[in-house]
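Work through the exercises below with the sequence and the 3D view side by side. Each task is followed by a solution in steps.

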Amino acid sequence: YVRAVRRFFSWLEIEGMIESSPAKRLELPPLPDEPPKSINLTDVQKMLTAAEESPRDYALLLFFADTGARVGGVAGLTWEDVSLDKGCATVREKGHGGKHKARTVYFGTQTTTALVRQREQTGEAGSVFPGQRGKALTEFGIYQALKRIAERAKIKGRWNPHSFRHS
C-alpha cells in the first residue's frame, strides 16, 4: 500500500494539485528476497507421466495445476461442486483471516477429460478424489499421494500441493 500511496501523491504533485508530496518521507517496504516457491513446469510434466496409470492421481495433479486451488478446497470437493460442461468447480477454502470462502475455479479440456475418466471410476456421488476406503482424501492424504507420485517421477525440487498455487 505504501507504494500506491507514494505514487498517488507523486501524481498529485505532477498534476499541480499539491506543492509537495507528503508521502516522500514514507519508507518503501523491502522487496521479497526469493521468488514464490513454485513447482517447476518440467517437474509437473514428469509427475503427470508418473501418475498416468491412476485416473484419480492424474486428475488430481491436473486439477491443482489448472486451478491453483488450496489443498483444503480440493480435499472437500464433491461431484456436486463440479460442472464438467462449464469447466469449473466451486471450492470451499480457508481465506484471509481464517474465514472459509467458496470460490469458483476454472479448468481446461485436459483436466475435464481426466475428471470424466475419474468419475467413471468413482460414480457421480461423493468425493471427486476418494481414498482407498471410498471416503474423501484428507489434506494429508493428498500430500501423501503427491509425495508418492513425486518419488516415482524422481522429482528433486518442490512438489507439495501449495507449490502448484505459485506456478
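**Exercise 1. The chain as a whole**

Task: Among contacts between residues at least 6 apart in sequence, find what share joins residues at least 24 apart. Then describe the elements and the extent of the chain.

Solution. The model is a predicted one.
- Step 1: Of the contacts between residues at least 6 apart in sequence, 57% link residues at least 24 apart.
- Step 2: There are 7 helices and 3 strands in the chain, and their order from the N terminus is α-α-α-α-β-β-β-α-α-α.
- Step 3: The C-alpha trace spans about 70 × 35 × 30 Å along its principal axes.
- Step 4: The radius of gyration is 21 Å, whereas a compact globule of 167 residues would have one near 15 Å.
- Step 5: Buried residues account for 37% of the 167 residues.

**Exercise 2. The largest nonpolar core**

Task: State which element gives the most to the largest nonpolar core, and look at the contacts of Leu 115.

Solution. 
- Step 1: The core holds 37 residues, and those touching the most other members are Met 47, Phe 63, Val 82, Leu 115, Phe 129 and Leu 146.
- Step 2: At least two residues each come from α2 (41-51), α3 (55-67), α4 (71-75), β2 (88-94), α5 and α6. With 7 residues, α3 gives the most.
- Step 3: Beyond its neighbours within four places in sequence, Leu 115 is in contact with residues including Ala 59, Phe 63, Trp 79 and Val 82.

**Exercise 3. A residue in a loop**

Task: Is Lys 154 buried or exposed?

Solution. 
- Step 1: Lys 154 sits in the loop between α6 (139-153) and α7 (161-165).
- Step 2: The relative accessibility of Lys 154 is 62%. The cut-off for exposed is over 50%, so Lys 154 counts as exposed.
- Step 3: Lys 154 has a positive phi of about 60 degrees, although it is not a glycine.

Notes. Residues numbered from 1 in each chain as written. Predicted model: local features only at pLDDT ≥ 70, side-chain atom pairs only at ≥ 80, totals over all residues. Heavy atoms only, no water. Helix = DSSP H or I, 4+ residues; strand = E, 2+ residues; numbered from the N terminus. Buried < 20%, exposed > 50% of the residue type's maximum accessible area, 1.4 Å probe, protein only. Core = buried A, V, L, I, M, F, W, Y, C linked by side-chain atoms within 4.5 Å. Contact = heavy atoms within 4.5 Å. Rg over C-alpha atoms; globule rule 2.2 N^0.38 Å.
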